[in-house]
Amino acid sequence: MSGAMARAGTLYGVGVGPGDPELMTLKAARILAAAPVVAYFAKSGRTGNARTIVEGALGPAAEEMRLDYPFTTEIPVSDPRYLPEMATFYDDAAARVGARLEAGTDVAVLCEGDPLFYGSYMYLHDRLAGRYTCEVVPGITAMSGCWARAGRPMTRGDDVLCVLSGTMAEDRLAERLAGADAAVIMKAGLNLAKIRAALQRAGKLGRAVYVERGTTAQERLVPLAELADERGPYFSLVLVPTERRTV
């Protein structure tokens with residue numbers, strides 16, 4: 001390790017779990033209690049789910065660094081502004097975090113679920129991990145928290161689990177669902193009608209369970225075939241458990 005890197009702070013990507021504060025790991029709690037700077041992503045004007053989860057877990061002298069998204073679901077990913085403006089946002093966020101690391105200060109970046117599974121932290125990791133000492137603290141994912149709450153075994157034996165994004169085109173969703181023994185569809189909230197149609201085409205709508213805000217006090221679990229809603233919140237997903245029993 002170079003002398004410059006040895007003097008720099010350490011970047012921690014801290015997974016804080018799916019929502020229930022008791023599902024945060026002991027390691028995450030230890031690092032957050034000691035971190036001099038805690039950064040977190042949030043929608044402008046909101047506390048942010050990751051920050052809400054860790055309420056009471058930060059050190060009393062911790063400096064908090066808000067990283068406000070320019071937008072969340074206000075425009076689709078296909079909008080020509082989306083990728084360049086988000087890239088600029090992550091560049092700026094990385095510069096802010098990097099400045100504290102350069103000054104020799106450790107920074108813990110909060111991430112709901114697991115930092116490297118659909119987590120915003122990964123975009124800072126892409127920009128900073130090659131320049132600074134970095135440690136990623138894994139967290140319980142939203143999908144594992146939700147299937148635990150649903151009480152539905154997801155895979156057995158040599159079943160194949162397919163993790164999909166609800167932002168995919170309906171034809172691609174239906175094709176992938178048809179070939180999977182079990183599936184999780186992330187980013188379901190704004191895509192429920194399309195997901196329902198794709199599952200119907202794949203012959204798996206009857207097995208699907210819709211979960212929003214899983215593991216929190218606002219949790220909602222409903223068989224997707226019985227759900228009348230056409231839209232849900234950002235923090236929602238669909239579980240498609242296996243049908244098979246191996247013993």
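Predicted model: local features only at pLDDT ≥ 70, side-chain atom pairs only at ≥ 80, totals over all residues.
1. Five strands make up an open sheet with mixed pairing. Their order is β6-β7-β10-β8-β9. The edges are β6 (161–165) and β9 (220–223), each of which pairs on one side only. From one strand to the next, the twist averages 20°.

2. The β6–β7 pairing. Strand β7 covers residues 182–186. β6 and β7 run parallel and are joined by five bridges. Within this pair, Val163 stands opposite Val184 in β7.

3. Helices across the sheet. Helix α6 (residues 142–150) lies across β6, β7, β8 (209–212), β9 and β10 (236–240). Its direction is at about 60° to β10. Helix α8 lies across β7, β8 and β10. α8 runs at about 5° to β10.

4. The α7–α8 geometry. Helix α7 spans residues 170–178, and helix α8 spans residues 192–202. They pack at an angle of about 45°, with axes 8 Å apart. The angle is why α7 counts as oblique to α8. The crossing of α7 past α8 is right-handed.

5. The α7–α8 contact. α7 contributes Glu170, Asp171, Leu173, Ala174, Leu177 and Ala178. From α8 come Lys194, Ile195, Ala197, Ala198, Leu199, Arg201 and Ala202.

Methods. Residues numbered from 1 in each chain as written. Heavy atoms only, no water. Axes fitted to C-alpha atoms, helices over the stretch in contact; angles between N-to-C directions. Helix = DSSP H or I, 4+ residues; strand = E, 2+ residues; numbered from the N terminus. Parallel < 35°, antiparallel > 145°, perpendicular 65-115°, else oblique. Left-handed = near helix turned anticlockwise from the far one by under 90°. Contact = heavy atoms within 4.5 Å. Pairing = 2+ DSSP bridges.
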